[in-house]
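Dear colleague,

Here is the structure that I promised to pass on to you. Please open it beside this message, and read the notes below with the chains in view.

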Amino acid sequence: MVDHLLGIEGLSKNEIHRYLESAQSFVEVSERDIKKVPTLRGKTIVNIFFEPSTRTLASFDIAGKRLSADTINVSAGASSVKKGETLLDTVRTLESMNPDVLVIRHSESGAPHFVAQHLSRASVVNAGDGAHEHPTQALLDLLTLRQHFAESGRDIEGIKIGFVGDVRHSRVARSNIWGHLALGNRVRLIGPTTLVPRDLATVFRSDRVEVAHSLQEGLDGLDVVVCLRMQLERQDEHFIPNLDEYSKEYCVSERVLARCCPQSVVLHPGPMNRGTEVTGDVADGPRSLIRRQVNNGVAVRMAVLYLLARTAEPHEVFEP
Amino acid sequence: MVDHLLGIEGLSKNEIHRYLESAQSFVEVSERDIKKVPTLRGKTIVNIFFEPSTRTLASFDIAGKRLSADTINVSAGASSVKKGETLLDTVRTLESMNPDVLVIRHSESGAPHFVAQHLSRASVVNAGDGAHEHPTQALLDLLTLRQHFAESGRDIEGIKIGFVGDVRHSRVARSNIWGHLALGNRVRLIGPTTLVPRDLATVFRSDRVEVAHSLQEGLDGLDVVVCLRMQLERQDEHFIPNLDEYSKEYCVSERVLARCCPQSVVLHPGPMNRGTEVTGDVADGPRSLIRRQVNNGVAVRMAVLYLLARTAEPHEVFEP
Amino acid sequence: MVDHLLGIEGLSKNEIHRYLESAQSFVEVSERDIKKVPTLRGKTIVNIFFEPSTRTLASFDIAGKRLSADTINVSAGASSVKKGETLLDTVRTLESMNPDVLVIRHSESGAPHFVAQHLSRASVVNAGDGAHEHPTQALLDLLTLRQHFAESGRDIEGIKIGFVGDVRHSRVARSNIWGHLALGNRVRLIGPTTLVPRDLATVFRSDRVEVAHSLQEGLDGLDVVVCLRMQLERQDEHFIPNLDEYSKEYCVSERVLARCCPQSVVLHPGPMNRGTEVTGDVADGPRSLIRRQVNNGVAVRMAVLYLLARTAEPHEVFEP
């Protein structure tokens, strides 16, 4: 029986904290002179990315190497994987090489789950599937908030968090929302109706998710504001009139934050379009945790790889 | 004097068995918790692929890493290697970096031989050259059969094997055929005259190779059936009328196997077009050794890299 | 305070010799059976190439691995880095992963300097920026000459060197020229006025640089001739009438060398267009140091990575 990390949906509060605690212990490894532990020596990690990625791929690659695993990066052109069958054949071939973990990014929602169902020996990590989930990004966002609130003597549980922008198409938002709901937090989805349809909240089957179409109303009283990346092609798809119009109404600025939620901190999953989703003064100012987010990326991926790929002790069970 | 693995043609029976025995001993390494041996620590393996490849490249890369070698993957666009001179310059530059092994795939038949003739210090492994040879694929097919026949108390020497489909363009078939001839086996080439011309058998200079244009006649009495991948573009090149017509006559099904060679086992070098070259019930059924083939890929490549790159003992000679 | 290698301009004679001496000591490592030292174990080197490269990337990758560092190769499409801001975001994200060295190639002159100004913890190595500098290529050319002159009992300081061809667009020439000026050498720039404008010499603010538009006059009395690669697209840009015309006047042949500078040795940074910049008899003849240049590439890059990434002893200072 192998474990996978396919999404945050369905993880318990304890499982989430387990990932975060493990990640916290790995933060320090990357700050040493010798940034390497022998934990996963002789393990094989295959990163197979069906969508181009620089940041996430590099992060997983470094995480694996710092654990002393062998890492293999396979970039698979979309052309060779048009059919589910072919995806499966590709992945089965890779499984036959006895990897311990397959890290997969795919433009189709559910691709990692499909793969996991058909493999028997390798753990699967979802590195982003369509508009569905991006669990390691959510975990690093959660770790960032956990560190921040711990430092000010507060708890990450019980906070109010808002997601501003293209929630509809954002796997980052989706994974984060599941995580905050598991932790008992309240969530607000903020944006125009094209990007935040009224019934989007119902997806999460919780009365702790609400929708707001005005930025000011949405930000009111929040502890945390997450600015989502606006895909520039959304203009052509007519989800927004144009970027100028969009940013006039929804760009998160210091002025609106100071008025609506003066104590809030701000996250952005990157890469940022400064002036579109968030102003430069916020992104680079004291309430920004953005730099810290990226700093946590390698530690979170080390934790995930470690928890899935280490050789389990016989008496060990997954749920503590 | 360095050794190369440029093809199966010309290898003696003993040399083939030597690769297979070494590969068999590496199978177990990839099934350990710690899938790594220190054998090639400090050796450098350069994989230079002038044709795109996911499976074979990943297999060589993992094989090198499990032997503790440093592996470098160079993907060379066809544009930069239009002329033989440029191929040579590229490879000479790479040789100047003191690799122990150059693993090369190239769309031109003979490219690895050309390279080997001009290098003095690095071993060259042919990972597929045009329609010429693909020796490590043949070795893994041979290893798979050797394991299978050993388990049923038989010998891989003395069997009858048939290759169905596009033999004309298949480097996999070509390497396999040379291997089976060296082992003393009988070989049948099966397919329409466009893909299996009557005089194709003469290439192999052996009266143990014969040609059959009907599937039923070709399969008669075989111990092993190898289904070859049909390149879909062969339709446009008018080698076959169309895929439907082709598969009606040559797709290997359980029904025809049960009638013509009920004891036979089936191989396919992958990736499969189910329903074109082979039916799903055969591919996934009890006579299929296909999964086992891919499982042997890393072990065979470890053996090849090991035998070529290890530091030879002074008293060691290649031929036992 | 971290060190960078952004260019040869501004390096002192001592600093250059320090790189060369370190490189000389690494030459031997790549000739061992076990081509690996543990020096940079646990260090992370990120090679981020915004221009395609096979040779230089492979050279840095091998250099890092032979020092036991973890190396990550990021190929960044030009599309994702149109604006300086985005370049900075990309590089900041990579810095957040705590690399010890960022090796960067970019089509824009000054990109590595821009990056270095904005990073606080990682060392930056310029692997070629536009038409500006390519310092590791210059260091390996200098090492090659230092070895050559040492063997004939001479000194690399005080020689006369000429660069033939497209000096205007050559970052290799530029870095070399700064190096030779630091060593006190005399430099001649040789080519048609379109590729060697009369005022090009003034860039180097030294009366030891002169310009010649005729090959014969330019070669007169030189100790070293560097043939520069002619980019074939220069024809379309009308810098030269056509390649035939160009090579008739400027191709460096044994005949002209024997007449003008019979004792000279010849370098070429590669890849060569034989018959355009240099004739085959020169390239493969006794005065060619070309093969030796490429042989020095890995050692020079090992030295650069080592001097920048090793953990400095507390009492150590950069200038000896």
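The domain assignment of chain A, whose bounds come from an automatic or database domain assignment, gives domain 1 (13-133 + 297-309) and domain 2 (136-294). This is a predicted model, in which local features need pLDDT of at least 70 and side-chain atom pairs count only at pLDDT 80 or more, while totals for chains, interfaces and linings use all residues. Residues are numbered from 1 along each chain as its sequence is written, and chains are lettered from A and ligands numbered from 1 in the order in which they are written.

The C-alpha centres of the two domains of chain A lie 26 Å apart, and 17 residues of domain 1 are in contact with 15 residues of domain 2 (contact requires C-beta atoms, placed from the backbone, within 7 Å). On the domain 1 side, helix H1 (13-27), strand S4 (123-129) and helix H11 (290-309) of chain A each give two or more residues, and H1(A) gives the most, with 6 residues. Helices (H or I, at least four residues) and strands (E, at least two) are DSSP runs, numbered from the N terminus. That side of domain 1 divides into 8 nonpolar, 5 polar and 4 charged residues, where Ala, Val, Leu, Ile, Met, Phe, Trp, Tyr, Cys and Pro count as nonpolar, Asp, Glu, Lys and Arg as charged, and the others, Gly among them, as polar.

Turning to the chains, the contact between A and B takes 15 residues from chain A and 22 residues from chain B. Strand S2 (70-75) and helix H3 (84-95) of chain A each supply at least two residues of the chain A side, and H3(A) has the largest share, 4 residues. A rotation of 120° with 0.0 Å of shift along its axis superposes chain A on chain B (RMSD 0.0 Å), by least squares on the C-alpha atoms of residues with pLDDT of at least 70 in both. That is the relation of a three-fold axis.

Within chain B, strand S5 (residues 160-164) pairs with strand S6 in the parallel sense over 5 bridges (pairing requires at least two DSSP bridges), and Val164(B) stands opposite Ile190(B) in S6(B). Of the 5 residues of S6(B) (residues 186-190), 4 are buried, so this strand is largely enclosed by the rest of the structure; a residue is buried if 20 or more other C-beta atoms, placed from the backbone, lie within 10 Å of its own.

With best wishes

Conventions:
Two residues are in contact if their C-beta atoms, placed from the backbone, lie within 7 Å. A residue is buried if 20 or more other C-beta atoms lie within 10 Å of its own, exposed if 12 or fewer, and partly exposed in between; C-beta atoms are placed from the backbone.
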